[in-house]
Amino acid sequence: MKLLENKTALITGASRGIGRSHALLFADEGANIIFTDLQENENSASLLEELRAKGVRADFLASNAADNAQAMDVAKWVGENYGRLDILVNNAGITKDQLILRMSVEDWNLVMDVNLRSVFNYTKAFAPMMMKQRAGSIINISSIVGVNGNAGQCNYASSKAGIIGFTKSIAKELGSRNIRCNAVAPGFIETPMTRALPEEVRKDWMTKIPLRRGGLDSDVAKVSLFLASELSAYVTGQVIQVDGGLG
Ligand code: NAI
C-alpha cells in the first residue's frame, strides 16, 4: 500500500522547483494532484503530463495564491470536481531581496502577500472542507531564514516567520477536527539561483552545513511526505528544518 493511496493533494506554485518535486513524489505514493501556478506554461504542461503518466488523476489551475478571491475559486473548483482535499501544501513563494534602507514598500508588500497572505488564503479556503471531512494535513513551506533572519531579506524572513506563527495557531485551532498543520523550513537548497552563486560563496556555505552539501528539492518533499501521511498522525504545530544541520 502506497503512503497516499486514495488521497487528494493540492500544491500551490508547483510548476517548478520544490513544489514540482512535491507533486511528483506525492503522485508516486498514489495521491491525486491538483497544482496551481501563476500561469500555464511549458513547465505546468510537462508536469501535468508526467503526473498523469503515473496513473493518478491530476489537474492544473492557473491562479494567483496572493489573491483571496482566486483561492476561494480554487477551493470551489476542487469541491465540485474532487469532492475533498486531504493534503494542502502552501508552497508558492518569492524573494525580493534588499537591505532595509533600499527596500521599497511595494517589495515589502509583494513578498508578504505572496508568501504569507497566500497561506492564509488557502487555509481559509479549504478549512471548511477539511473540517467537514474531519481530516486534513496542511503543510506550509517556511524557511530557516524565518527562524534565524538574514541580512537583505527582512521582508522574506518576516513572511517566513509569520508562517511559523500561523502554523502553530492553526494547529491549535483545528486540531480538534483532526486537521494537522505543520511547517517545513528548508535551508540552502540547490536551485538555479543557488547554483548561480560565485564558487567562493557556495564553498563558504558548504563549510557551514554539517552534512557538507546543499539540499535537494526531493529532500524537502520527502519530509512533507512524512507530514502528509499517516506516519505523522500524532504530529501537529511543528516546524521541521530540512537544512543539513545548518541551524
Ligand atoms: P521557485 O521560484 O523555483 O518556484 C516557485 C513557484 O511559485 C514558481 O513556479 C512561481 O511561478 C510560483 N509562484 C510565484 N508567485 C506565485 C503566486 N502569487 N501564486 C501562485 N504561484 C506563484 O521557488 P522554490 O525554490 O521552488 O521555492 C518554493 C518554496 O520554498 C517557496 O515558498 C520558497 O520561499 C521556499 N524555500 C526555498 C528555498 C530554496 O533554497 N530554494 C529555501 C527555503 C524555502
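Is N178 buried, exposed or partly exposed? I began with this residue in the predicted model. N178 has a relative accessibility of 44%, and I noted that buried requires under 20% and exposed over 50%. N178 therefore counts as partly exposed. I located N178 in the loop between α6 and β6. I then looked up its backbone torsion: phi of N178 is near 65 degrees, a positive value in a residue other than glycine.

**Entry: R212**

I recorded a positive phi for R212 as well, near 60 degrees, again in a residue other than glycine. R212 is placed in the loop between α8 (199-208) and α9. Its relative accessible area is 53%, so R212 is exposed.

**Entry: helix α6**

I turned to α6, which covers residues 154-174 and has 21 residues. From its first C-alpha to its last, α6 reaches 30 Å, close to the 30 Å expected at 1.5 Å a residue. I listed the buried residues of α6 as N155, Y156, A157, S159, K160, I163, I164, F166, T167, I170, A171 and L174. What covers these buried residues? I found that the cover includes the helices α4 (105-133) and α5 (144-148). It also includes the strands β5 (136-141), β6 (179-186) and β7 (239-242).

**Entry: α1 against α9**

For each helix pair I noted two quantities, since two packed helices are described by the angle between their axes and the distance between the axes. Helix α1 (residues 17-28) packs on helix α9 (residues 217-228) at an angle of about 50 degrees, and their axes are 8 Å apart. The two helices α1 and α9 are therefore oblique to each other. I recorded the crossing of α1 past α9 as right-handed. On the α1 side, the contact is made by G17, I18, S21, H22, L25 and F26. On the α9 side, I found D217, S218, V220, A221, K222, S224, L225 and A228. Sorted by class, this contact of α1 with α9 holds seven nonpolar, five polar and two charged residues.

**Entry: α1 against α2**

I next examined α1 with helix α2 (residues 42-53), where the packing angle is about 10 degrees and the axes are 10 Å apart. Angles under 35 degrees count as roughly parallel, and α1 and α2 are therefore roughly parallel to each other. From α1, the residues R20, A23, L24 and A27 meet N43, S46, L47, E50 and L51 of α2. I counted five nonpolar, two polar and two charged residues in the contact of α1 with α2.

**Entry: α3 against α4**

At what angle do the axes of α3 and α4 cross? I read roughly 30 degrees, with the axes coming within 8 Å. That angle makes α3 roughly parallel to α4. The crossing in which α3 passes α4 is right-handed. I noted N68, A71, M72, V74, A75, V78 and G79 in α3 as the residues that meet F120, N121, Y122, A125, F126 and M129 in α4. The contact of α3 with α4 divides into ten nonpolar, three polar and no charged residues.

**Entry: D73**

With a relative accessible area of 52%, D73 is exposed. I also looked up one C-alpha separation: D73 and A127 are 54 residues apart along the chain, and their C-alpha atoms are separated by 14 Å.

Conventions: Residues are numbered from 1 along each chain as its sequence is written. This is a predicted model: local features need pLDDT of at least 70, side-chain atom pairs count only at pLDDT 80 or more; totals for chains, interfaces and linings use all residues. Side-chain values use heavy atoms; hydrogens and water are left out. Helices (H or I, at least four residues) and strands (E, at least two) are DSSP runs, numbered from the N terminus. The expected span of a helix is 1.5 Å times one less than its number of residues. Buried means under 20% relative accessible area, exposed over 50%, partly exposed in between (1.4 Å probe, protein chains only). Contact means heavy atoms within 4.5 Å. Axes are lines fitted to C-alpha atoms, for helices over the stretch in contact, and angles run from 0 to 180 degrees between N-to-C directions. Angles under 35 degrees count as roughly parallel, over 145 as roughly antiparallel, 65 to 115 as roughly perpendicular and the rest as oblique. A crossing is left-handed if the near helix is turned anticlockwise from the far one by less than a right angle, and right-handed if clockwise. Ala, Val, Leu, Ile, Met, Phe, Trp, Tyr, Cys and Pro count as nonpolar, Asp, Glu, Lys and Arg as charged, and the others, Gly among them, as polar.
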